[in-house]
Amino acid sequence: MIWDKEFETLPREALEALKLKRLQNVVKRVYANVPFYKNTFDEKGFKPEDVESMDDLKRLPFTTKQDLRDNYPYGLFAVPLESVVRIHASSGTTGKPTVVGYTKKDIEIWAELMARALSAAGATKGDIIHNSYGYGLFTGGLGLHYGAERLGASVIPMSGGNSKKQIMIMEDFGSTILTCTPSYALSLAETAEEMGIDFKNLKLKTGLFGAEPWSEGIREEIERKLNLHAIDLYGLSEIIGPGVAVECMEAKRGLHVFEDHFIVEVINPETCETLTHGQRGELVFTTLTKEAFPLIRYRTRDISVLNPEPCICGRTFVRMERVNGRSDDMLIIRGVNVFPSQIESILMNIEGIEPHYLLIVDRKGTMDTLEIQVEVNERVFSDEIKNLQILGKRIEKDIKDFLGVSTIVKLVEPKTIQRSEGKAQRVIDKRKI
Amino acid sequence: MKIDQISVFLENKSGRLAKVTRVLGEAGINIRALSLADTTDFGILRLIVNDSQKAMEVLKENGFTVGKTEVVAVEVEDKPGGLASILGVLSDHDINVEYMYAFVEQSGENAIIICRFDETDKAIYVLQKNNIAILKGEKLYQF
């Protein structure tokens, strides 16, 4: 179902005009209210009035995660703090988190966008939405929550963790839609299995999963194990949180970017040149309507490709392919670029392998080593050593064939790889460079 | 004629074998025979116990990956050349031994060889035809 028919199916020409008008407006606002943007624009000799067509977007400076850190915590806010009604922060794995703010109107728009996303996944006000995204500084929990309320559905604010209780509530409350990270969905599947609960007996029909890169293989695994349709939801706190782009139930092929609120571009991460549709590169977003924390050409580090083909669902928004890697997730192993998601896809193609794995990168002398820990379950276990060794060799060979990199597969006991309660930790890099 | 053997996947790290034996001990399960095959990274523990079903249950509950395989227990006279004559028969019939391990019967007269064959049914047929004694499960579990 399309929540906001007027905007979501706006003819391209009208959409482009709206985007330009909104871009001109946001550029003026940031220039007037955010010293960081005034300085970077001035340095480039760029004046807000210079935006005459969408082509001028290319001339605007980028904003990076480092810029957010340098202006910690409120330096990039475009409104006085008294207009800010909510503050979130991204999980900073290194150093300080990045802080984002919302005005009352920003929260309104965010709720609308999440209502759109939930509708695209087939949710209606009759649904019971089991929200296992973390509530707190992370935007996932509250973002989904407000969208679900806006839609008029009944939302269960579960947050992450306490998996046994999650399964009990799902069963007792009759949850119909699950929202969480894909890795946590798999973790829930395992818990249910331990509890002897079959998802076929639950009422779940759809799940919206996001906040971490995942592969088609994981989608199939989730759909099979949880007996539901798995829909990809994209967002990042810097841009607004969840609700930047979503797959539609009709096509399940690519995520529609809510272009009336965000301009999406793809750039070559090395040269920073703008790429055309169909070329793979780093996603860059410009917020068009956000008041408290507008960003111009924010570099996400997420790798994707845009598809402008019209979609069977009727939405006119461009689609981005599922994000299957981040340019900063990329591992360089002896000069070969490797994304954890590529290894995940290979593992998922091997019958019986669990979707839990850990990559350990190290350096022996001058050589990088990549160890892949894979759990041995009953489906792949054998009483004969040679069969297990064949399995390990097969994984090593598949990875070598597809990615051109040698790895060492280490078979480990079941459930020894840490399970996700939010974002999964898939890589440990022990190299000291 | 076939014996249930359970196998357990173990990572090569200290305490894992101790954990298996503790779990079995606490469940009152007696180990009749065992063998541990190992590589640099992992090992496979193979066990003949007095209650395979229960052993598998308690090990699974404790998070181990467990498998069940059918093996054959062959009785061999405890004297020089005892094993060689049996293996000769098997090799004459192109039967491969995947692995085997032995222990000595309580009476001390015979050795028991636990064998995993590539073709178990054929092996049993050949052994019986050559009058080689095969132990029944009940007897082995109850030693």
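Lys19(A) and Glu259(A) form a salt bridge (a side-chain nitrogen of Lys or Arg within 4 Å of a carboxyl oxygen of Asp or Glu), with the closest N and O atoms 3.0 Å apart. Lys19(A) lies in helix H2 (residues 12-33) of chain A and Glu259(A) in the loop between strand E9 (255-257) and E10 of chain A, so the pair ties together parts that are 240 residues apart in sequence. Helices (H or I, at least four residues) and strands (E, at least two) are DSSP runs, numbered from the N terminus. This is a predicted model, in which local features need pLDDT of at least 70 and side-chain atom pairs count only at pLDDT 80 or more, while totals for chains, interfaces and linings use all residues. Residues are numbered from 1 along each chain as its sequence is written, chains are lettered from A and ligands numbered from 1 in the order in which they are written, and side-chain values use heavy atoms, with hydrogens and water left out.

**Salt bridges**

- Over all chains, a search of the whole structure finds 48 salt bridges.
- Both partners of the Lys19(A) pair are buried (under 20% relative accessible area; exposed is over 50%, partly exposed in between, with a 1.4 Å probe and protein chains only): Lys19(A) has a relative accessibility of 6%, and Glu259(A) one of 3%.
- Lys65(A) and Glu238(A) meet through their side chains in a salt bridge of 3.1 Å, N to O. This pair links helix H4 of chain A, which holds Lys65(A), to the loop between strand E7 (229-236) and strand E8 (241-247) of chain A, which holds Glu238(A), 173 residues apart.
- Lys65(A) is partly exposed at 27% relative accessible area, whereas Glu238(A) is buried at 6%.
- Glu8(A) forms a salt bridge with Arg116(A), where the closest N and O atoms are 3.9 Å apart. Glu8(A) belongs to helix H1 (residues 5-8) of chain A and Arg116(A) to helix H5 (residues 104-120) of chain A, and the two are 108 residues apart.
- Glu8(A) is buried at 0% relative accessibility, and Arg116(A) is buried at 2%.

**Strand E10 of chain A**

- Which residues of E10(A) point one way, and which the other? Phe262(A), Val264(A) and Val266(A) point one way, Ile263(A), Glu265(A) and Ile267(A) the other way, and all are buried.
- In a regular strand the side chains alternate between the two faces of the sheet.
- Six of the six residues of strand E10 (residues 262-267) of chain A are buried, so the strand is largely enclosed by the rest of the structure.
- E10(A) pairs with strand E11 (residues 281-287) of chain A in the antiparallel sense over six bridges; two strands count as paired if DSSP finds at least two bridges between them.
- Ile267(A) stands opposite Glu282(A) in E11(A).

- An open sheet of four strands in chain A has the order E19-E18-E17-E20, with mixed pairing.
- Strand E19 (408-412) and strand E20 (427-429) of chain A are at the edges with a single partner strand each, so one side of each has no neighbour in the sheet.
- Neighbouring strands of this sheet are turned by 20° against each other on average, direction ignored. Axes are lines fitted to C-alpha atoms, for helices over the stretch in contact, and angles run from 0 to 180 degrees between N-to-C directions.
- Strand E17 (residues 357-364) of chain A pairs with E20(A) in the parallel sense over three bridges, and Ile360(A) stands opposite Ile428(A) in E20(A).
- Helix H10 (residues 340-348) of chain A lies across E17, strand E18 (367-375) and E20 of chain A, at about 125° to E17(A).
- Helix H11 (residues 385-403) of chain A lies across E18 and E19 of chain A, at about 140° to E19(A).
- H10(A) is mostly covered, with seven of its nine residues buried; among them are Ile343(A), Ile346(A) and Leu347(A).
- The cover over the buried residues of H10(A) includes helix H9 (216-226), strand E16 (336-338) and H11 of chain A, where contact means heavy atoms within 4.5 Å.

**Helix H2 of chain B**

- Helix H2 (residues 52-61) of chain B has the buried residues Ser52(B), Ala55(B), Met56(B), Val58(B) and Leu59(B).
- These residues pack against strand E1 (3-11), helix H1 (16-26), strand E3 (42-49) and strand E4 (66-77) of chain B.
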